[in-house]
Amino acid sequence: MEEYKKKLKSRQLLLLSGILGTNSTVSLTNSITRNYMVGDAHSKDFILGFQASLITVLIGFLFFSFIKTTRAIRNPERLKNLYIAENDERRLFIMQKSGFYGMNLAMYGLAIATIAAGYFNYTVFFSLLGACLFVGLIRVVFKVYYRMKY
């Protein structure tokens, strides 16, 4: 368990740097590019709202994961439960069959590209948003299918 505790501590540092990096990047990007966005006022507001909500969800997820790992490090029972949950063979098999890591990589890459495209082109923004939603939908369908199958 001590080895797993070290792994969680390094994960904590990664999550904390992700939270701080995301906050600083968003603040810097919004202050620099806000006046240079293309499109009418309605499309600018929509894109900025989408970007803000996506970043808020990302920061919330990182913060939730940080709190979860912190609580697990401090409590041996939670540490054991988290270890068992992360190493569950059925869950790992379902993740492998559904292409979890590849789908996540594609979805996160499309989400980042969607945020970046919002600063430059309205049409590309919506095209990437549609692709991102499609990949997310396929990911959910695969996950449900393989959970029912196995």
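Author: F50 and F125 are both buried, where buried means under 20% relative accessible area, exposed means over 50%, and partly exposed lies in between, computed with a 1.4 Å probe and with protein chains only. Please keep in mind that this is a predicted model, in which local features need pLDDT of at least 70, side-chain atom pairs count only at pLDDT 80 or more, and totals for chains, interfaces and linings use all residues. Residues are numbered from 1 along each chain as its sequence is written, and side-chain values use heavy atoms, with hydrogens and water left out.

The structure holds 11 aromatic pairs, and F50 and F125 form one that is edge-to-face, with 5.3 Å from centre to centre and 80° between the planes. F50 lies in helix α2 and F125 in helix α6, which covers residues 122-149, so the pair ties together parts that are 75 residues apart in sequence.

The words used here need their rules. A pair of aromatic rings is described by the distance of the centres and the angle of the planes. Rings of Phe, Tyr and Trp (for Trp, its six-membered ring) count as a pair if their centres lie within 6.5 Å, and planes under 30 degrees apart are called stacked, those over 60 edge-to-face, and the rest tilted. Helices (H or I, at least four residues) and strands (E, at least two) are DSSP runs, numbered from the N terminus.

In contrast to the buried F50 and F125, F93 counts as partly exposed at 33% relative accessibility, and Y150 is partly exposed as well, with 34%.

Which residues belong to the aromatic cluster around F50 and F125? The cluster is made of F46, F50, Y122, F125 and F126. Its member F46 is found in helix α2 and counts as partly exposed because its relative accessibility is 37%. Leaving out residues up to four places away in sequence, F46 touches F125 and F126, where contact means heavy atoms within 4.5 Å. The C-alpha atom of F46 is separated by 29 Å from that of G102, 56 residues away along the chain.

T114 also meets this group, for it touches F50, F125, L128 and L129, again not counting residues up to four places away in sequence. T114 lies in helix α5, residues 100-117, and it is buried, with a relative accessible area of 1%. Between the C-alpha atoms of T114 and S127, 13 residues apart along the chain, the separation is 8.3 Å.

Further along, Y146 is found in helix α6, and it counts as buried because its relative accessibility is 16%.

Let us now follow helix α2 to its other neighbours. The buried residues of α1 pack against α2 (41-74) and α3 (76-86), and those buried in α1 are Y4, L8, Q12, L15, I19 and T22. Helix α1 has 32 residues and reaches 46 Å from its first C-alpha to its last, close to the 46 Å expected at 1.5 Å a residue; the expected span is 1.5 Å times one less than the number of residues.

The side chains of E86 and R11 meet in it, at 2.6 Å from N to O. E86 lies in helix α3 and R11 in helix α1, so the pair ties together parts that are 75 residues apart in sequence. At 25% relative accessibility, R11 counts as partly exposed.

Definitions and conventions. A salt bridge is a side-chain nitrogen of Lys or Arg within 4 Å of a carboxyl oxygen of Asp or Glu.
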